[in-house]
Each structure stands twice: as structure tokens, then as C-alpha cells.
Amino acid sequence: MAKQDRAIRTRQTILEAAAVVFDERGYDAATINEILARAEVTKGALYFHFPSKEDLALAVIDAQAEATSALLDLPGGCRMQRLVDLGMVFAHQLLVDPVLRGSVRLTMEHGSAALLHRSGPFTGWIELHTRLLAEGKERGEVLPDVVPAEVAELIVGAFGGINALSQSVSDRADLERRAIVLYEHLMPSIAVPAVLARLDMAPGRGARALALATLEPVSA
């Protein structure tokens, strides 16, 4: 059991080191030697868990799918609040989670990274947004002319754009503000007025929602 725990910790250490290097350098410029130096592990340990740099990159990309699954546990019954919280929590996590940052860099990057299978995170986000919008529509939270699949793609695409812009101009220091502005403009075209008036899109919402997710059961 101790050996298994050590192997799990070693794998996570390598994954986090690789994510930092990928985020800082990009896929093409990143080297195994840089990842080894940051992780402080042997080459044998790295290749035991990840046979190649590509396998490492794919594991880092998969971190977004894990983050998406975790967001299913966000509290509250209001589907449109959960919809907003998806972006607000993700914006918060990008500031504190190096693996997620590396995953996003690889997902958005061109060059050799384009050869990696990168559509998974986008597909996962779109499916989750579509589900919440459809459920919200059934519950009377969403305006009748909203088409869930179309609006889901719009939100995910727009968030990807503000994330890229924020990373370029402020190293994501202003990402939360940009996310708030995005939702302030989008949600009036999505949510019915009574629901819109109750939505929490204030600064710090991402951290608050994430904290609540660890304390409260998910409402049906």
C-alpha cells in the first residue's frame, strides 16, 4: 500500500511539473529534461508513468475533464446560477491550479500540439453547458427562444476568447473581471428576469462557489 501511495504521489508530481513547463514553454519548446529537473525525479520514474512527452501532454489535457466532472458538484438548485458558476469557478481555478493552466495552454496551442487530441475539453464543456441550459429551460429559468446547444457553444467559445485575451494582457490577473462582464452581457439574453435578478455574479463568486461545493450536498 505504501509503495502504491508513493507511485501515485510520484505520478502527480510529474504531472504538475509537466503542466508548469507546458504552460511556460508550450508543447514544442518543452523538454523532458526540463520536466525531470522541475519534478526532481529520475528518467526511469517518469517513463514508468508516461512513455513519451505526448503521453504526458495528453494526461495534462485530461485534467480539464476532471475539472469539468468536479464542477457537477457545485451547490444550488438554480441551473442558471450553476451555469454562471462554471465559468467563475474555472476562472478562479486557473489562478491557483498549475495543472489546469497547462491543460488550457495545450488545448489552445497550435504547432505540434495541434496533433494531440484536444477536442475533449471543449466537447465536455459544451455538453455540460447544454445540459444545464436544457434543465434550466425545463424548470422555467430560461427564456423560451433559447436553443441550449447553440448557446452552450457561444458561451464556451466566448469564455475561451476572454481567457486567451486575459492571459495575453495580464497573465490572467483580470480574468475574473472579464468573466463577470461576459456573464453580465450574456445572461439577460438567456435567463428569465426573475432568475436573472437572483444570480450572483459578484467578484469572488468562483471561490465562494468552490468552497460551498465542499460543504453542501448538490440540490436536485
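1. Let's start with R205. Leaving aside its neighbours within four places in sequence, this residue is in contact with Q81, D85, M88, E176 and D200. Please keep in mind as you read that the model is predicted.

2. Where does R205 sit? Its place is in helix 11, which covers residues 205-213. Is R205 buried or exposed? With a relative accessible area of 9%, R205 is buried, because anything under 20% counts that way.

3. Now step back to the whole protein chain. How many helices and strands are there? The chain has 11 helices and 0 strands. Read from the N terminus on, its elements run α-α-α-α-α-α-α-α-α-α-α, so helix is the element to look for as you follow the chain.

4. A few totals for your notebook. The protein chain has 220 residues, and 45% of them count as buried. Its accessible surface comes to about 10800 Å², with 57% of that belonging to carbon and sulfur atoms. Among contacts between residues at least 6 apart in sequence, 70% join residues at least 24 apart.

5. Why does I190 count as buried? Because its relative accessibility is 4%, and the cut-off for buried is under 20%.

6. What does I190 touch? Not counting residues up to four places away in sequence, I190 touches M80, L133, E141, V142, L143, V146, V151 and I155.

7. On to the aromatic rings. The structure holds 3 aromatic pairs. F22 and Y27 form a stacked pair, with 5.9 Å centre to centre and 25° between the planes.

8. K53 lies over the face of Y27, at 4.4 Å from the ring centre. Elsewhere in your aromatic tour, look for F90, W125 and F159, which form one aromatic cluster.

Key: Residues are numbered from 1 along each chain as its sequence is written. This is a predicted model: local features need pLDDT of at least 70, side-chain atom pairs count only at pLDDT 80 or more; totals for chains, interfaces and linings use all residues. Side-chain values use heavy atoms; hydrogens and water are left out. Buried means under 20% relative accessible area, exposed over 50%, partly exposed in between (1.4 Å probe, protein chains only). Contact means heavy atoms within 4.5 Å. Helices (H or I, at least four residues) and strands (E, at least two) are DSSP runs, numbered from the N terminus. Accessible areas come from the Shrake-Rupley method with a 1.4 Å probe; for residues, only the protein chains shown count as cover. Rings of Phe, Tyr and Trp (its six-membered ring) pair if their centres lie within 6.5 Å; planes under 30 degrees apart count as stacked, over 60 as edge-to-face and the rest as tilted. A charge sits over a ring if NZ of Lys or CZ of Arg is within 6 Å of the ring centre and within 35 degrees of the ring normal.
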